[in-house]
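The sequence and the structure follow.

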Amino acid sequence: MSVKVVVGAQWGDEGKGKIIDLLSEEADIVARYQGGANAGHTVVVDGEKYILHLIPSGILHERTVCVIGNGVVVDPAALIEEIDWLESKGVSVSGRLFISHRAHLIMPYHKLLDSAKESRDAAHRIGTTGRGIGPAYVDKFNRTGIRIVDLLDREKFAAKLRRNVEEKNEILRKIYDHEALDVESIVDEYLEFDRKIDAYVKDVS
């Protein structure tokens, strides 16, 4: 079995999505291994434009299975929106998209911290998309991030989230003068996300 790897070497916008779409015509599996919803892979099929942020562009080929690996940081709201949009375009996702249960989740505080830092350090902006990608990876490498599998146990998820929110609220209030986040509303929101994406979550290793 041969494997082809596509790697961008100029900080994005190299046309990876188009290359993957081309290679997907003969691929059984297309796996995304890193990044998040900051991607913008644009592919035109039969005159129809598709812009994909999380799901590999191989999904546009009927026989190709797509995998979102544990190196990707997943924004569940963006993922659900993308799945619904593809289905509305007649692209079947069910049974062809699998998401690692070990993938880390982008939380509301990741997006807030991303945008707040960019706004505060106007003279040193890095051009972030504000989607929380960087802060989510910081938590992953600090071993405090929340993974999809953590949603399976509400009590453990809530406890882990509470610790994270307490820390993030300190930063948001004291450095960025932002109002505190409410833990319980985030718990309810993300458990609802879990219900919607559960059919796609697997051990993809």
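Does R143 count as buried or exposed? In this predicted model, R143 counts as exposed, because its relative accessibility is 77% and the cut-off for the exposed class is over 50%. R143 is found in the loop between α4 (133–141) and α5 (154–174), and its phi is near 60 degrees, a positive value in a residue other than glycine.

A positive phi also occurs at D177, which is not a glycine and has a value of about 55 degrees. D177 is placed in the loop between α5 and α6 (183–197), and with a relative accessibility of 71% D177 counts as exposed. The two loop residues are set side by side below.

| Residue | Phi | Relative accessibility | Loop |
|---|---|---|---|
| D177 | about 55 degrees | 71% | between α5 and α6 |

Another loop residue, T64, lies between β3 (48–52) and β4 (65–68). T64 is buried, with a relative accessible area of 0%, and the cut-off for that class is under 20%. Although T64 and D28 are 36 residues apart in sequence, their C-alpha atoms are 5.0 Å apart in space.

The second largest pocket has a volume of about 160 Å³, and its lining is made by I51, H53, A78, E81, E82, W85 and R131. By class, these lining residues divide into three nonpolar, one polar and three charged. Which helix gives the most to the lining of this pocket? Helix α2 (residues 76–88) does, with four residues.

One of the lining residues is A78, which lies in helix α2. A78 counts as buried because its relative accessibility is 17%, a value to be read against the cut-off of under 20%. The C-alpha atom of A78 is separated by 15 Å from that of S57, the two residues being 21 residues apart along the chain.

Note on methods. Residues numbered from 1 in each chain as written. Predicted model: local features only at pLDDT ≥ 70, side-chain atom pairs only at ≥ 80, totals over all residues. Heavy atoms only, no water. 1 Å grid on protein atoms, 1.4 Å probe; cavity = no way out; pocket = protein on both sides within 12 Å on 5 of 7 lines; lining within 4 Å. Points joined across faces, edges and corners; volume = space filled by probe spheres on them. Nonpolar A, V, L, I, M, F, W, Y, C, P; charged D, E, K, R; others polar. Buried < 20%, exposed > 50% of the residue type's maximum accessible area, 1.4 Å probe, protein only.
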